[in-house]
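Hello,

Here is the structure you asked for. Please open it first, then read the notes below.

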There are 2 protein chains.
Amino acid sequence: MPKQDEKKFVTHITPRDEDFSQWYTDVILQSELVDYAPVRGCMVVRPYGYAIWERIQQEMDSRFKATGHENVYMPMLIPESLLLKEAEHVEGFAPEVAWVTQGGNEVLTERLAIRPTSETIFCAMYSKWVSSWRDLPMKYNQWCSVIRWEKSTRPFLRTSEFLWQEGHTIHETAEEAQQETLQMLDIYREVTEDVLGIPVFCGRKSDKEKFAGARATYSMEAMMQDGKALQAGTSHNFGTNFAEAFNIQYLSREGKLEYVHETSWGASTRLIGAIVMSHGDERGLRLPPRVAPIQIVIVPVAAHKGGVMEKCDEVFAQLKTAGFRVKLDDRDTVSPGFKFNDWELKGVPVRLEIGPRDIENGVATVFRRDTCEKTTMAFTSLVADLAPLMEDIQKGLFTQAETFRDSHITEVTTMEELGKAVETGFAKAMWCSDPACELEIKERFSATSRNMPFDQTPIGDTCVCCGKKAQHLIYFAKAY
Amino acid sequence: MPKQDEKKFVTHITPRDEDFSQWYTDVILQSELVDYAPVRGCMVVRPYGYAIWERIQQEMDSRFKATGHENVYMPMLIPESLLLKEAEHVEGFAPEVAWVTQGGNEVLTERLAIRPTSETIFCAMYSKWVSSWRDLPMKYNQWCSVIRWEKSTRPFLRTSEFLWQEGHTIHETAEEAQQETLQMLDIYREVTEDVLGIPVFCGRKSDKEKFAGARATYSMEAMMQDGKALQAGTSHNFGTNFAEAFNIQYLSREGKLEYVHETSWGASTRLIGAIVMSHGDERGLRLPPRVAPIQIVIVPVAAHKGGVMEKCDEVFAQLKTAGFRVKLDDRDTVSPGFKFNDWELKGVPVRLEIGPRDIENGVATVFRRDTCEKTTMAFTSLVADLAPLMEDIQKGLFTQAETFRDSHITEVTTMEELGKAVETGFAKAMWCSDPACELEIKERFSATSRNMPFDQTPIGDTCVCCGKKAQHLIYFAKAY
């Protein structure tokens, strides 16, 4: 009987070096994170992928709440007239909007956009809710999906519909809004680095790359294993742009009518793609313990032999009580070898193998997914020994990603060097701040400016492109 | 300064007896659960309303997971051709569908429905994922919003967009599917009765009232304070209906191709409306402690006096550590009296008032929202005394709702009695099972059959409407 199911497993993951893009597709489909939907450009997030998203949600949501944010839900449909109110914003998003033109049997007099983002509807409500400085700040967030009609799509990275959170806040002063913008970027950084194990560069976007309608956009940028950049989260300071367009005014402490200062910030299921492309290897996923839906899988060996299942049950109960996310793979339709491959593909950080010989020796065989090394641990000290192992794997994956990234950054002072650098990683360069230079770099090398990192220690004083006086240190890279 | 904000508060809640519908609207708007959106028939769920929804989600989601269900996410857009595959289903939902006809600048060749429910897309994926009995059961759920283009809408009760969860499962046998259908209904009942404090009748819907495409629909029905019924959750057994339309087959243990047996079940933000209309009173909401986002609010009295804020901070920390959801209302822009009204309107189960005299006496003044009674509790035993008080309030609200309901149910044997009964509550009647009788009752009394309760102890043997032999005990009521 086992044979039948195992046939499914003789699938092949394309080697990363051969075709990184195909490797990515193979891994996300075969590990059952995601599947293609019968709708153009959309994805189905399967249980294992959704469980990772739930972990990300928990980590982010608890930090949002700890910093005084509250969750709300705004309608997904936005009347066209509302979307048109802020000129830059509509220009940026109109080409990507899916339009509802019919409701039931009724043709709508005004078409409705499915939200590509919700600044406009938040603004409409804020203008209704705010009257005095006492009502400020309002710091709201929502978890939802948005639709952006993309031409070419890839699961998690760019799809017509994706899941995200979008925070929208309004404040009395410009200083508070700026503080909020940077605080939320730092929360993204913390979750991405400390939980997902992905090092990021935080900094400010160029005017060319900023969000439609923002005064300033900040981003965190991660490097994938093919050297390309992935923008993993953004935080925007709108100043009073939207407040002026939507007339969001409040009576100040001095009794004057003032516009509120506004921010928004978002992170999405794209982060799952970032986990895959930062940590994955030839066998499939490698998940950092803090984000792994299953941290430890127990695989019984010779399960039919006396005492094996009993010991597995006992260890399972013990680890669960200790707070680990643990799974006992008790399937009797597949072999242990099949299970090993399966959980390696799915990137479970630690596997415990427990068979008659292990029991005899008083130890479990321990396989760690990050290094693929096997060792043993005494049953008597399992909980105590597994905790530091988890920390070790968590840190190890981060360090490995960081080492990779840092060895794929080139400080460049000429266009030739820049062109070469972005073939394998990021180019770190000085820039004059003229969008024309960004455009030239994009046209010649298909690379875009990523961000101007907060650490602006200069590496020269002339623009890498035009040679004029440099204003900023900036990263260029090909990007997802 | 305080005066300015307090002006807002001199709003009026319409008495329940005078106009229940207006009372409901006043309460949900003034307690800031919800607001109208600038989109026809849609609602904005505000922080306090969303916090209640998060509590409901946690209670449901943990029970779904404990019974082996996994969360996923399916696209919100469904191609028309997919929606058309199951005939009854499309007939039921087509009149309520919002259609996307344009994506970006491109006019779509096939229009896309925004999901009114997701049976069709789950079926499309299940047909791809299932091949053997070893793949079964698949028990998936998703939390999302759906759109149904409603003609007349009311926040929480009936809106063009609402939040819900929809579970979709497939099984080897008819028995398993039936068991699942009833299990999920019972989980709904448990959450609704034990957490939300709302008594419900569980039973089977008539064929006329069942879900489009289902073989059998089960529901839980609650009675609101105006005597009308609210369908608070449904669970459907599809048999092989959808499996045949979508060709979801598996290789059985006997090596034969068989159709899967399917269920779906859903509950929504409607439950928030049920909480309001079950427990609310002239002062506003009354929230059962288990669903209340804030269980205890601490209001300092004469906060400027020495020691008051210190004591409040101390009690706050103590209660928080003890696991209560507690809030310290330290606003200095409004008076204690304003705060009392505010938190009563918002239905917080317990209010602690702490002022200089209380501190002197070593007690906090305790106001319980269910009975509006004031008492005192010694600071030294606060945690120990508050826990049973919470239980008491939880049970008290349930009992009150149950007593109300039971006193508004009339056993009827004639149409005249039925017509009178549904003016103030539910009519319990015998019924022949002919939809023609349901239709007549609907036309004469605007009442519909709610469900055939599991306890079928007969109260007669002839149909209340036609006088023919009765088949079922059934509830009739006017309904939301």
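Start with one term. A strand is a DSSP run marked E of at least two residues, and strands are numbered from the N terminus. The model is predicted, so keep that in mind as a caution while you read.

**Phe156(B)**

Where is Phe156(B)? Look in the loop between β7 and β8 (161-171) of chain B. The phi angle of Phe156(B) is near 75°. That value is positive, and the residue is not glycine. Is Phe156(B) buried or exposed? There are 26 other C-beta atoms within 10 Å, so Phe156(B) is buried. The cut-off for buried is 20 or more.

**Ser433(A)**

Now go to chain A. Ser433(A) is placed in the loop between β21 (426-431) and α15 (435-445). Phi is positive here too: for Ser433(A) the angle is near 90°. Again, the residue is one other than glycine. How many C-beta neighbours does Ser433(A) have inside 10 Å? The number is 16, so Ser433(A) counts as partly exposed.

**The cis peptide bonds**

Which peptide bond is cis in chain A? The bond runs from Leu136(A) to Pro137(A), and omega is near -5°. Pro137(A) is in the loop between α6 (119-129) and β7 (138-147) of chain A.

Chain B has a cis bond as well. This one joins Leu136(B) and Pro137(B), with omega about -5°. Pro137(B) is found in the loop between α6 (119-129) and β7 (138-147) of chain B.

Best wishes

Conventions
Residues are numbered from 1 along each chain as its sequence is written. Chains are lettered from A and ligands numbered from 1 in the order in which they are written. This is a predicted model: local features need pLDDT of at least 70, side-chain atom pairs count only at pLDDT 80 or more; totals for chains, interfaces and linings use all residues. Helices (H or I, at least four residues) and strands (E, at least two) are DSSP runs, numbered from the N terminus. A residue is buried if 20 or more other C-beta atoms lie within 10 Å of its own, exposed if 12 or fewer, and partly exposed in between; C-beta atoms are placed from the backbone.
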